[in-house]
Amino acid sequence: MATDWASGLEVSRWAKELSVEVGKEIYFSKFMGEGPGSAIHVKQVEEGVGKDVTFGLVLQLTGSAITGDSTLEGNEQDLATYANTVSLNQKRLAVRDTGRFENSKVLYNFRSTALDLLKQQYAELIDADIFSALTQTSGTHAYVRADSSDGATYASADPKGDLADTDKITLADISAMKTIAKLGGAANYKIRPVRVDGEDYYVLVVHPEVAYDLFELDEFQQIQREAQVRGNSNPLFSGALGIYNGVVIHSHEGVSTFTDGGGSSVKGARNIFMGAQAACFADNGAMNWIEKTFDYGNQLGISAAKIFGVGISDYNSKDYGVIQYMTARTDL
């Protein structure tokens, strides 16, 4: 008896389930939203729209209000809007069983196992693309380098070569980045915060070894003992290490690391400080699930494909919603 084929309806069901499960597994999903107020701005696009998707970036209003009965007409503010283009691409993954005889020796459902493995790999793939987009080094970008001697140092070119072993995370650096975000800098526009329940927040994602250094700070431990993370019902706070000065701090192993800081041997990390629209994510929403038999029906292969694109938000060589926070890290 040949291996059973899934019907068209079954294939569609598996595709929909894979799409839903991938969405749940993506780490950055807590920061994603279809409005420009989210840290990762998502735009749903239809299949066949082309290879590029354009996002509109809107700066904060800065004009003054008209008071009393002074004339408002003719004194309207212009919206400062920019465009950011994200390129789409298809990424495919596939698994294949070893054959009916080997399958008979184990107690598992190949399709269910394939779904579990594919969803995890796709989630990791999408997260890796977002981390890569937010920490690119080609061109001009906004950096803050931890500096144990002089405090936070702002730069528009990669400062990895200036990093020392002692340049680890500090609470003063977090406050400095928040100030830079509010005022803007040579390599970044003013960064709009993410608003939750009427409160403004920024987000800092650090490497786990940088998180270790953070918890070594007595002041941070004292602050976390005295205050609880607010807004636990909002995904932005899910899994947070804590909040300091309006900055929600998270930790993830996907943060880029290096071992050649200081020009040679300093171990460091490219931590990510984000506000609204730090990155743009174009998603056609569809996940293709295709099944194929091999060797006269003895083996079953399953492939999955998704079309999406991600890019850092920047315009005129200035970052729009992100600062790379460069620190040394304890090598655990």
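Q: What should I know about the model and its numbering?
A: It is a predicted model, where local features need pLDDT of at least 70, side-chain atom pairs count only at pLDDT 80 or more, and totals for chains, interfaces and linings use all residues. Residues are numbered from 1 along each chain as its sequence is written, and side-chain values use heavy atoms, with hydrogens and water left out.

Q: Thanks! How many helices and strands does the protein have?
A: There are six helices and 18 strands. Both are DSSP runs numbered from the N terminus: helices are H or I with at least four residues, strands are E with at least two.

Q: And what percentage of the residues count as buried?
A: Of the 332 residues, 45% are buried. Buried means under 20% relative accessible area, exposed means over 50%, and partly exposed is in between, using a 1.4 Å probe and protein chains only.

Q: What share of the contacts comes from residues 24 or more positions apart?
A: Such pairs make up 75% of the contacts with a separation of 6 or more. A contact means heavy atoms within 4.5 Å.

Q: How many bridges join strand 14 to strand 15?
A: 13 bridges, with strand 14 (residues 279-294) and strand 15 (residues 299-312) running antiparallel. As one example, Cys 280 has Gly 311 in strand 15 as its bridge partner. The loop between these two strands holds Asp 295, whose phi is near 55 degrees, a positive value in a residue other than glycine.

Q: Which strands pair with strand 11?
A: Strand 9 (residues 199-206) runs parallel to strand 11 and is joined to it by five bridges; Val 205 partners His 250 there. Strand 10 (residues 242-244) also pairs with strand 11, in the antiparallel sense over three bridges, and Ile 243 is bridged to Val 248.

Q: Is strand 11 mostly covered or mostly open?
A: Mostly covered: four of the five residues in strand 11 (residues 247-251) are buried.

Q: What sits in the hairpin of strand 10 and strand 11?
A: That hairpin has two residues between the strands, and Asn 245 takes a positive phi near 55 degrees there. Asn 245 counts as partly exposed because its relative accessible area is 38%.

Q: Changing topic: how many aromatic pairs are there?
A: The structure holds eleven. In one of them, the rings of Tyr 27 and Phe 28 have centres 5.4 Å apart and planes at 70 degrees, so the pair is edge-to-face. Rings of Phe, Tyr and Trp (its six-membered ring) pair if their centres lie within 6.5 Å; planes under 30 degrees apart are stacked, over 60 edge-to-face, and the rest tilted.

Q: Are Tyr 27 and Phe 28 buried or exposed?
A: Tyr 27 is buried, with a relative accessible area of 12%, and Phe 28 is buried at 0%. Tyr 27, Phe 28, Phe 31 and Phe 131 form one aromatic cluster.

Q: What lies over the face of Phe 31?
A: Lys 30 does, at 5.8 Å from the ring centre. A charge sits over a ring if NZ of Lys or CZ of Arg is within 6 Å of the ring centre and within 35 degrees of the ring normal. The charged end of Lys 43 sits over the ring of Phe 55, also 5.8 Å from its centre.

Q: Last one: where is Thr 135, and what does it touch?
A: Thr 135 is in the loop between helix 3 (110-134) and strand 6 (143-145). Not counting residues up to four places away in sequence, Thr 135 touches Ser 256, Arg 270, Ile 272 and Gln 324. Thr 135 is buried, with a relative accessible area of 10%.

Methods:
Pairing = 2+ DSSP bridges.
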